[in-house]
Number of protein chains: 2
Amino acid sequence: MNKKQIQSEQTRKKIADAARHLFVQKGYKATSIEEITAATGSSKGNLYYHFKSKEGLFLYLLDEWDRDWIAKWREKEHLHTTATEKMYGFAEQMVREDLNHPLTKAADEFFIGDDKTCEVEDRLAEMVAEHLSFNRMLIQQGIDSGEFRENDVQGLALVLEALVIGLSQVSRRANLTQALETYRLAIQVFLHGISQNK
Amino acid sequence: MNKKQIQSEQTRKKIADAARHLFVQKGYKATSIEEITAATGSSKGNLYYHFKSKEGLFLYLLDEWDRDWIAKWREKEHLHTTATEKMYGFAEQMVREDLNHPLTKAADEFFIGDDKTCEVEDRLAEMVAEHLSFNRMLIQQGIDSGEFRENDVQGLALVLEALVIGLSQVSRRANLTQALETYRLAIQVFLHGISQNK
DNA sequence: TAAGATATTGACCGAACGTTCAGTATAGAA
DNA sequence: TTCTATACTGAACGTTCGGTCAATATCTTA
């Protein structure tokens, strides 16, 4: 690869990294192009040379995030045998790789806002569906193995999604160990409940 | 009261209602003053005659919401005897009175955003603390009565808060019956868990 | 009814933001 | 070295938005 191509790709990566960090920290709308370029040191025009638009940049980050997440999950999934273990692993990856990932905060802005492009809307709907499908699979697995009680799987998938989204928001300003603790407790509650009658 | 005063108060209420509806539906930033005035039929200047600023309007809505919520809760609290029943009642009120209340969506925007006034920041921190305190009380009550297993109360309060926040987001585009169902299931899971081993 | 207080209007302002573009710098090809 | 495609710059543009204000309408009071 050319020296120029390498440098170009580095710049692209630099912009993407800075943007990801800012989107995650401040949300989509609250992050300005100017801030992103200020964080990279390169110029506004250069950002638009590498990315079609702000939406396009965000979309790129979503895709990247999605690919990374699934890859990392597949890497570690086999370490967990039971569905219960998988659930804790799921929570752990959520916190470790992903605490405050772009989706949680920014996707919501897109869903509600009226300035979204069809392309983004479709992609987001797709991602939420994937999430719910993932949750359903995880839960169904536990039910099949007898770990979890028979129940409304779709409903539980939704509840789990809600829990994860809420946890991400509540933990946004917490440090990693605190967040991990809260996530673990949440999953523990989700799995075992707090009811006394056993 | 004067005819003029009555009309003025009606206008004020009309603006507040429209603003609440829009904030709840679209979030804080995404809702423009122009939209609010368009929804009320009155003018921009008139809004600024009745409210100090956009932030002031939002703050007013938060206070109003808070007062209403607590009043309604106190009204119905005695109907529930056990902590378990209270928890369901809590969820029901959340959905019925409050599905997508201003706090959930907009408070998050304020917390992260850098354009917040100290006054708003303090008020929001106060409200979150109140929420957690409320949750703690509810949970502690259940533990004292033997309904809930002994556990980390502060942590559980945080988890419950996360659950409620997440549920509100997930249910934003659902109808009331669907939302109620999801909330009930979530509380049921929170209370009893999904684990098989009893 | 006249004067004054109160309520309402909408054009306007300045700042912020996403986006564009004419121009410059640089690395590889010829 | 010269030429060209690629990488990059930053001033400028159009739009949006929160907020202001002088003018006007409406109601109360004396």
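**The surface near the DNA**

Modeller: Let's start with chain A as a whole: of its contacts between residues at least 6 apart in sequence, 66% join residues at least 24 apart, a contact being heavy atoms within 4.5 Å. This is a predicted model, where local features need pLDDT of at least 70 and side-chain atom pairs pLDDT 80 or more, while totals for chains, interfaces and linings use all residues. Residues are numbered from 1 along each chain, chains are lettered from A in the order written, and side-chain values use heavy atoms, without hydrogens or water.

Chain A has 9 helices and 0 strands (DSSP runs: H or I of at least four residues for helices, E of at least two for strands).

Now to DNA strand D. Of the 21 residues around it, Tyr49(A), Lys4(B), Lys44(B), Tyr48(B) and Lys54(B) come nearest; "near" means a heavy atom within 4 Å.

The largest share, 5 residues, comes from α3(A). By class, 3 residues are nonpolar, 12 polar and 6 charged (Asp, Glu, Lys and Arg count as charged; Ala, Val, Leu, Ile, Met, Phe, Trp, Tyr, Cys and Pro as nonpolar; the others, Gly among them, as polar).

Finally, look at the phosphate oxygens of DNA strand D. One is 2.6 Å from a side-chain N or O atom of Lys54(B). At Ile33(B), a polar backbone atom is 2.8 Å from a phosphate oxygen. Ser8(A) has a polar side-chain atom 3.2 Å from a phosphate oxygen.

How values were computed
Polar contact = N/O pair within 3.5 Å; in protein donor to acceptor, adjacent residues only side chain to side chain.
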